[in-house]
Amino acid sequence: MPSLPLPLLLLLLWGVGSHGFPATSSGAQEQDTELVQNYLRKYYHLRTGTNRSGRQRSSSLVTEKLKQMQAFFGLKVTGKVDADTLTLMRQPRCGVPDVAPYALGERTLRWEHTHLTYRLENYTPDLPRADVDSAIDRAFQLWSNASALTFTRVFEGQADIMISFVRGDHNDNNPFGGPGNIIAHAFPPGGGIGGDVHFDEDKRWTKDFRSEYFNLYHVAAHEVGHSLGLMHDGDIESLMFSSYNYYGDNLLTQRDIDAIQALYGPSKNPIQPRERQVPQACESKLTFDAITEIRGELYFFKNRFFLRTRPFYKTGELGAITDFWVPLSRGVDAAYEVASRDEVFFFKGKASGVWGQGYPKDIYHSLGFPHTVKSIDAAVHEEETGKTYFFVASKYWRYDENTRSMDTGFPKEIAHGFPGIGKKVDAVFQERGFFYFFRGKRQYKFDPHTKRILTILNINSWFNCRNK
């Protein structure tokens, strides 16, 4: 797996006001309307009429295509343009359509031979040539490990799959730089341009994770999937998911493996699919890394994703953390909100760092932790007192947000301050004066005033699940 060069972050401060939420001005609404129309035309084959009833027909077709798009991505199917739909439409993505991407009837698109050649026609100046070569070679190796396909790189002449970095209109009827945020595209198996991969040279390419850059290996592996005949997959964890979601690794899911093997057969040395990383709200073995309320909504963090519940809606909507908080590509260890200051704090890793609003700062100088603390398991802020509780292994600290200092007399044993919870906490948040502690597959509703556990709940109780 490629390693991330990010500093190992223990504390990240990130404002949530401008991440993923649509504007409401009339100008912004016009831009949103144009975005929706262009997105549905390009990726869902929206065709509008021009006759006298064209306006009504156009409206109904947009609704139909919106429902199709929302169903494909697992969003709430309303046929209406909501915040989640707009957020997804704004994400960088592959330029290949999501539905019926290749208008060739019912014929399965595949190469007739299993040994294919590829050629890199040029290079991006964003990376050393050796890094570009490595990214492209590894992308092909990923698919050969999972199937009967083999690949050979050639350095001259015509290859089955030609790869190039191009700009704007590059004479394939699929220009870059137009509506949407397209980073690359590829063509299905076949002669001529068939199988070819194009990267947008106006994007910035990297070999690791960097904000505003795109990981070349990840994008190349996705586009090669198209070159081999695969369509987009609506599963956010799949390599063939259409929006750009790079989380620091690039292993295939079982869905990806099944799809490529259905076309070309299994590998003689099959690889094992990665363990599923996407949380399912109602799965019996669900655990959480962190939980916090953000502007009235509850966010349950797991791996590189979150489940979100809104007031009166316990649907457990799934999202990728990087949709809102790009630096948190490797997940969250702990989180809490100080609503009075409209600030949300995130913790990750074993070292130090704080990002956003004049940071970074390390937790040792800014919060007063001893250097023996290498990670934080959970955190919760108590608005009534202005105190924040940090849980580390079997101990907890208390921090005063008003004086910006750690209270004296800490750390203390969790068993002393929160009897019955156990010796370790995975996640915790406050709701209506009560603390909800999560440890393993159990959830404890705790009264901090009486220091008593009021009830033990199913970990899925915040979602609409049967047999809770």
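Trainee: Which residue does UniProt list for "binding site" in the unreviewed entry?

Mentor: That record lists Asp126; UniProt positions follow the numbering used here, feature names are shortened, and annotations may be inferred rather than shown by experiment. This is a predicted model, where local features need pLDDT of at least 70 and side-chain atom pairs count only at pLDDT 80 or more, while totals for chains, interfaces and linings use all residues. Residues are numbered from 1 along each chain as its sequence is written, and side-chain values use heavy atoms, with hydrogens and water left out.

Trainee: Why is aspartate 126 called partly exposed?

Mentor: Its relative accessible area is 32%. Buried means under 20%, exposed over 50%, and partly exposed in between, with a 1.4 Å probe and protein chains only. Aspartate 126 therefore falls in the class in between.

Trainee: Where is aspartate 126 placed, and which residues does aspartate 126 touch, not counting residues up to four places away in sequence?

Mentor: Aspartate 126 is in the loop between β3 (115–120) and α4 (129–146). With that exclusion, aspartate 126 touches Glu201, Lys203, Arg204 and Trp205, where contact means heavy atoms within 4.5 Å.

Trainee: What makes β7 a partner of both β5 and β6?

Mentor: Strands are DSSP runs of E with at least two residues, helices are runs of H or I with at least four, and both are numbered from the N terminus. Two strands pair if DSSP finds at least two bridges between them. β5 (residues 161–166) and β7 have 4 bridges in the parallel sense, and β6 (residues 182–186) is joined to β7 by 3 bridges, antiparallel. Opposite residues include phenylalanine 165 and phenylalanine 199, and histidine 185 and histidine 198.

Trainee: Which way do the residues of β7 point?

Mentor: Val197 and Phe199 point one way and His198 and Asp200 the other, and all are buried. In a regular strand the side chains alternate between the two faces of the sheet.

Trainee: How do you know what span to expect for α5?

Mentor: The expected span is 1.5 Å times one less than the number of residues. Helix α5 (residues 216–227) has 12 residues and reaches 16 Å from its first C-alpha to its last, close to the 16 Å expected.

Trainee: What makes α5 "mostly covered"?

Mentor: Of its 12 residues, 12 are buried, including His218, His222 and Glu223.

Trainee: What reaches the backbone nitrogen of tyrosine 217 at the start of α5?

Mentor: A side-chain oxygen of asparagine 215 comes to within 3.2 Å of that nitrogen. Just after α5, glycine 229 takes a positive phi of about 115°.

Notes: Polar contact = N/O pair within 3.5 Å; in protein donor to acceptor, adjacent residues only side chain to side chain.
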